[in-house]
Amino acid sequence: MPQVRKSALAHCIYLPDRPILSSAETARLLGFPTQDALAKARLRGRLQIPMFRIQGRRGWFASTDDVRQWLQVSLESPEYPGSREGRT
């Protein structure tokens, strides 16, 4: 994935300033209605970001940078109605 400037999303969405996000935070940021919906998408291979487990911790986690990059690419995509490139 391309390098993304942190400030590009700063005015749009709050991203925690730590390296790892819980599945609850990841679900909220990616627009899933619940953690269960995120889990189903992960199990079906439909997530665009990698998730991982941490030894000694319960649940699944995602890298804040991976989520930030996915959001940046998604928000700049012509398919996203609010993107600059999609406007004429």
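Two strands are said to pair if DSSP finds at least two bridges between them. One of these bridges links Ile20 with its partner Ser63 in β3. Helix α4 packs on the sheet and touches both β1 and β3, its direction making about 65 degrees with that of β3; contact means heavy atoms within 4.5 Å, and such angles, which run from 0 to 180 degrees, are taken between the N-to-C directions of lines fitted to C-alpha atoms, for helices over the stretch in contact.

The model is predicted, so local features need pLDDT of at least 70 and side-chain atom pairs count only at pLDDT 80 or more, while totals for chains, interfaces and linings use all residues. Residues are numbered from 1 along each chain as its sequence is written, and side-chain values use heavy atoms, with hydrogens and water left out.

**The overall plan**

The protein has 4 helices and 3 strands, which follow the pattern α-β-α-α-β-β-α when read along the sequence. The strands form an open sheet in the order β1-β3-β2, with antiparallel pairing. Because β1 (20-22) and β2 (51-52) stand at the edges with a single partner strand each, one side of each is left without a neighbour in the sheet.

Of the 88 residues, 33% count as buried, a word that means under 20% relative accessible area, whereas exposed means over 50% and partly exposed lies in between (1.4 Å probe, protein chains only). Among contacts between residues at least 6 apart in sequence, 46% join residues at least 24 apart.

**Buried residues in the helices**

Thr26 is found in helix α2 (residues 23-30) and is buried, with a relative accessibility of 0%. Leaving aside neighbours within four places in sequence, Thr26 is in contact with several residues, among them Leu38, Ile49, Met51 and Ala62.

Leu29 also has its place in helix α2, and at a relative accessible area of 5% Leu29 is buried. Setting aside neighbours within four places in sequence, the contacts of Leu29 include Ile13, Tyr14, Val67 and Leu71. The C-alpha atoms of Leu29 and Ile13 are separated by 8.4 Å, although the two residues lie 16 residues apart along the chain.

In helix α4 (residues 64-76) we find Thr64, which counts as buried at 2% relative accessibility. Not counting residues up to four places away in sequence, Thr64 touches Pro16, Arg18, Pro19, Ile20 and Leu21.

**Salt bridges**

Side chains of opposite charge can pair when their charged atoms come close. A salt bridge is counted when a side-chain nitrogen of Lys or Arg is within 4 Å of a carboxyl oxygen of Asp or Glu, and a search of the whole structure finds 2 of them.

| Salt bridge | N to O distance |
|---|---|
| Arg18 and Glu25 | 2.0 Å |
| Arg68 and Asp65 | 2.8 Å |

Arg18 is partly exposed, with a relative accessible area of 38%, whereas Glu25 counts as buried at 18% relative accessibility. Arg68 and Asp65 are separated by about one helical turn, because they are 3 residues apart in helix α4. Of this second pair, Arg68 counts as buried at 7% relative accessibility, while Asp65 is partly exposed, with a relative accessible area of 44%.

Terms used. Helices (H or I, at least four residues) and strands (E, at least two) are DSSP runs, numbered from the N terminus.
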